[in-house]
Amino acid sequence: MEKKFKKHIESNFAELTQHPLLIAVSGGVDSVVLLHLCHRIGLDIAAAHCNFHLREQDSNLDQQFVESLCAQLDVPAFVQEFDTQHYATEQKVSIQVAAREQRYQWFEELITSEKYKFLLTAHHLDDSMETFFINFSRGTGIEGLLGIPERFDYIRRPLLAFTREEIEQYAQVNQLVWREDYTNAQTKYLRNKIRKNILPVFKEINHQLDQSFQQTITYLKETHQMSEDASAMMFEKVVIKQGDDMLFPLKELSELSLPKAYLYKWLEPYGFKAWSDIADLVQAETGKKILAEHYCLIKDRGYLLLRSKSKVVELVEDSYYVQENQTIKQPIHLTTKNYERTKIELTTDPLCAYLDRDKLQFPLLIRRPKKGDYFVPFGMKGTKRISKYVKDEKMTQIERENLWVLCSGETIVWIIGSRMDERFKVRNTTTNVLKIKLTV
């Protein structure tokens, strides 16, 4: 196995020969064999052992064993003790989750502080098969059927090409000593049930299960990569990026062969997993939204809008004031200037408003639209509610969230950047004109 392992490292994990490595060593046969193999082929290694204090005196004996083994091999050893039960209670998680969180948090700290490049764990092929069956039993997508990855971030798992039987044979042939964790024999844990009761049956049915499983995983990985490529291609074709926002056009989505699958793929990284709520949102009225931890998904007419929660603008009652011949930059960039009517040429620039200055009450007020607001749209005689105007103009959610109105007293004179009020327009009888320019 040593020759096979050395060749496996050279062919598939060449990066491990070029950097200092940290090996997670529990004291069990798998991690002891990994430590021994890495030491034999001359890798630059150190060991990291976690004492979770979950098995009374056995936990301390495991720690002493790892420290003694590393001393014999002249390998640096890092040991950390945890109050796992207290952590689990405080964080309201299971013991297994508590141990995993504490373990990997410490590993990351070690990797950074001691300047190690990679962490090696002793997961092997049987572990990967167990993970496959665990995920399969719970219901999963294709990613859950890929077993344990060989690489993830700073973690490397070079024993995944080897079976539990090969590892145990190597330990016995080389007369290695290790510690047995009695909890591995307890079938109250799902993984142990699969290890003790399920895998032996499959191995009896197929004596080449190891090879068959590896081949199946290869096929699944290739299929998964194809789906990733298709997802990326459709994303570029369908999804519209607007700065940090993303728009998912519902019409284009509906024309895809599997719209729900694509939407799931694209939204899952942003923390959206309540798919029944998302399906409801597709049919909901404009303005409805769903929140994830850091993102907001908003129905905006024919789109779903994905935006960071920190950038979702809430309607506020904040008021801002502007005088004539003044420039302001908060909340928007506006410049006002007073002209004699005979000395200014009026344009149709939507970013400019030309108002009868003598009808205005200063200072002018800039605020968000409020429920019940109305104005007389330029060119019309009757009043219209702002909400109805916004709907008729088919403003997007982004446009609505960035909408401000300019008021003279309580009267709206301009939906800024959109439409003026007829009552304040410049007429032949106008003497003074206030020009207001919006800079975007």
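**View 1. An aromatic cluster of five named residues in the predicted model.** In this predicted model, Phe52, Phe82, Tyr104, Trp106 and Phe107 come together as one aromatic cluster. A pair of aromatic rings is described by the distance of the centres and the angle of the planes.

View 2. Across the model, 16 aromatic pairs are counted. One of them joins Phe132 and Phe136, whose ring centres are 6.3 Å apart and whose planes make an angle of 5 degrees, so the pair is stacked. Both residues belong to helix α6 (residues 125-138), where a spacing of 4 residues separates Phe132 from Phe136 by about one helical turn. Are these two residues buried or exposed? Phe132 is buried, with a relative accessible area of 15%, whereas Phe136 is exposed, with a relative accessible area of 55%.

**View 3. Charged side chains over aromatic rings.** The charged end of Arg368 is placed over the ring of Trp404, at 4.0 Å from the centre of that ring. In another such arrangement, Lys425 lies over the face of Phe378, and the distance to the ring centre is 5.6 Å.

**View 4. An open sheet of 6 strands with mixed pairing.** The strands of this open sheet follow the order β3-β2-β1-β4-β6-β5, and their pairing is mixed. Strands β3 (77-81) and β5 (151-152) stand at the edges and have a single partner strand each, so one side of each is left without a neighbour in the sheet. Strands of a sheet pair through backbone hydrogen bonds, either parallel or antiparallel.

View 5. Strand β2 (residues 45-51) runs parallel to β3, and 5 bridges join the two. Which residue of β3 is the bridge partner of His49? That partner is Val79. Helix α3 (residues 57-73) packs on the sheet, where the helix touches both β2 and β3, and the direction of helix α3 makes about 170 degrees with that of β2.

Methods: Residues are numbered from 1 along each chain as its sequence is written. This is a predicted model: local features need pLDDT of at least 70, side-chain atom pairs count only at pLDDT 80 or more; totals for chains, interfaces and linings use all residues. Side-chain values use heavy atoms; hydrogens and water are left out. Rings of Phe, Tyr and Trp (its six-membered ring) pair if their centres lie within 6.5 Å; planes under 30 degrees apart count as stacked, over 60 as edge-to-face and the rest as tilted. Buried means under 20% relative accessible area, exposed over 50%, partly exposed in between (1.4 Å probe, protein chains only). A charge sits over a ring if NZ of Lys or CZ of Arg is within 6 Å of the ring centre and within 35 degrees of the ring normal. Two strands pair if DSSP finds at least two bridges between them. Contact means heavy atoms within 4.5 Å. Axes are lines fitted to C-alpha atoms, for helices over the stretch in contact, and angles run from 0 to 180 degrees between N-to-C directions.
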